[in-house]
Amino acid sequence: MTRTAVTRVLVIGGGIAGTATALGLHKAGFDVTVFESHPDSAEDIGAFLTLASNGMRALAQLDATDAVTAVGFPLTSLRLLDHQGTEAAHAPLGEAADPALRYRCLRRGELNAALQGETARRGIPLRHGARLESVTDGPDGVTARFADGTSATGDLLVGADGLNSTVRRLITPGVRPGYAGQRVYYGYTAAAPVAGPDGTITMVRGSEAAFGYAVSPAGEAYWFARVGGDPLPAGASGGPSAALRGQLLPLLRKDATPAADLVEAAGDGITVTNATELPLGATWRSGRVLLIGDAAHAASPATGQGASMALEDAVVLAKALRDLPDPLGAFAAYERHRRPRAEHNITVSGGISRGTHAPSRPAPGTAAGPAGGAARPTAPDEDLIRQLAWDTALPADPPAAD
Ligand SMILES: Cc1cc2nc3c(=O)[nH]c(=O)nc-3n(C[C@H](O)[C@H](O)[C@H](O)COP(=O)(O)OP(=O)(O)OC[C@H]3O[C@@H](n4cnc5c(N)ncnc54)[C@H](O)[C@@H]3O)c2cc1C
């Protein structure tokens, strides 16, 4: 298959990876349509996340910085407290000096809505309520069929449909996410009883839980707690907020840190989820179909890199399809560029979640991952900068490792 006419790309999933991929492919001149199962903009996704400097760099290549910095709030430093509440470190976070590249804390729904809004603003079709059910890959194209009886045919199909990807199930049925050893609790505390320094995310190395919080400019604390133990049973929500608060407080009260007071004062809306990850070496592509984002390489949330990796994926994929003559060869090149980095993140993040890896070695070029990384700025990775730079051609192969 060669790129003769404008290639039509079907993107399944209108989350972070899917919308960012649509922005990148549209910028590169492709005909792209996004199909999202959720009937509206998926505002209901409760948890928050941090976009790291590498993710913000990818967004900038997609000209989407303004859309995303219109929501959430910036983070410029990382503070570490030990279980006695003593400050062990406090240092700049990532590329803090650059307003476009500094870390950002946002609710997941806000980020999705911002990226979907930007997709619509650029006139890229995004169909809500389109739940993919099956894919037929043939010599002349790939056809996606949806639960509402509609279908669409394109030259390529990108599966950006997240952790429980249907596209992954169709191309590689045996691969499923597994438990990474921790439950993750999320909550919000309005009028936070402890105000952190402005723009700071505070990580608490508690004796029973890894806790983190950042206080928004409006004074609301966004917090999470990662706790080891058995997974939640499949499909379980963990119960109402009062029950979740009751599970956390005895663990947090053991320490003299702000964590317990924050959880005590939290409103309703506490949620819990299992930390999950995909196995290394899973298949990412088959014929005209490619997986990206969490569908390909979901990692435990400990390094706080999943969304940033999805944004990087989008830029590298758009460049591969733009710069390499054969789209299927571009898929293969994309995988060669992305797999080592994405799998390094799965390994490191899973290691932190299981307690087998000290939370001080973020993936190269990711700077300090706030959900588990160290309180030290790291220089951005030069290879990554080149890989993401829109004006630089993507070579078929990544540079050889040192
Ligand atoms: C608890 C938790 C905390 C996290 N914290 C962070 C953090 O701090 N920083 C960070 O960078 N990352 C974090 N992550 C990871 C981050 O949320 C994911 O890596 C990121 O959302 C992946 O983006 P994605 O687009 O691949 O998947 P998603 O964001 O899940 O998007 C997938 C989309 O596909 C749609 N879809 C699914 N099935 C179908 C179908 N059959 N047909 C059509 N559409 C479909 C879904 O509705 C969804 O909109 C966290 C994750 C979790 C679970």
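**Notebook: a helix, a ligand shell and some buried residues**

I began with helix 2 (residues 53-61), in which eight of the nine residues are buried, so this helix is largely enclosed by the rest of the structure. I took buried to mean under 20% relative accessible area, exposed over 50%, and partly exposed in between, with a 1.4 Å probe and protein chains only. Helices here are DSSP runs of H or I with at least four residues, strands are runs of E with at least two, and both are numbered from the N terminus. The buried residues of helix 2 are Ser53, Asn54, Gly55, Met56, Arg57, Ala58, Leu59 and Gln61.

I noted that this is a predicted model, in which local features need pLDDT of at least 70 and side-chain atom pairs count only at pLDDT 80 or more, while totals for chains, interfaces and linings use all residues. Residues are numbered from 1 along each chain as its sequence is written, and side-chain values use heavy atoms, with hydrogens and water left out.

I next looked up aspartate 63, which lies in the loop between helix 2 and helix 3 (65-69). Its phi is positive, about 60°, although aspartate 63 is not a glycine. Most residues other than glycine have a negative phi. Aspartate 63 has 48% relative accessibility and therefore counts as partly exposed.

**The ligand**

Which residues come nearest to the ligand? Of the 28 residues around it, they are Ala17, Glu36, Tyr186, Asp294 and Ala307. A residue is counted as near when one of its heavy atoms lies within 4 Å. By class, I recorded 11 nonpolar, 12 polar and five charged residues in this shell. Nonpolar covers Ala, Val, Leu, Ile, Met, Phe, Trp, Tyr, Cys and Pro; charged covers Asp, Glu, Lys and Arg; the others, Gly among them, are polar.

Helix 1 (16-27), strand 2 (31-36), strand 3 (48-51) and helix 9 (306-323) each supply at least two residues of the shell. Helix 9 gives the most, with three residues.

I then listed distances between polar atoms. A polar backbone atom of alanine 307 is 2.7 Å from an oxygen atom of the ligand. For threonine 166, a polar side-chain atom lies 3.2 Å from a nitrogen atom of the ligand. A polar backbone atom of serine 308 is 3.5 Å from a ligand oxygen atom. On its own the ligand has 990 Å² of accessible area, of which the protein covers 88%. Such areas come from the Shrake-Rupley method with a 1.4 Å probe; for residues, only the protein chains shown count as cover.

**Arginine 338 and aspartate 313**

Arginine 338 is found in helix 10 (residues 327-354), and aspartate 313 in helix 9. Are they buried or exposed? Arginine 338 is buried, with a relative accessible area of 0%, and aspartate 313 is buried, also at 0%.

I read contact as heavy atoms within 4.5 Å. Not counting residues up to four places away in sequence, arginine 338 touches Trp284, Met309, Glu312, Asp313, Val316 and Gln387. With the same exclusion, aspartate 313 touches Ile292, Gly293, His297, Tyr334 and Arg338.

**Aromatic rings**

How many aromatic pairs does the structure hold? I found 10. Rings of Phe, Tyr and Trp (its six-membered ring) pair if their centres lie within 6.5 Å; planes under 30 degrees apart count as stacked, over 60 as edge-to-face and the rest as tilted. The rings of phenylalanine 35 and phenylalanine 146 have centres 4.7 Å apart and planes at 25°, so this pair is stacked. The pair links distant parts of the chain, with phenylalanine 35 in strand 2 and phenylalanine 146 in strand 10 (residues 141-146), 111 residues apart. Both are buried.

Notes:
A polar contact is a pair of N or O atoms within 3.5 Å; within protein, one must be able to donate a hydrogen and the other to accept it, and residues adjacent in sequence count only if both atoms are side-chain atoms.
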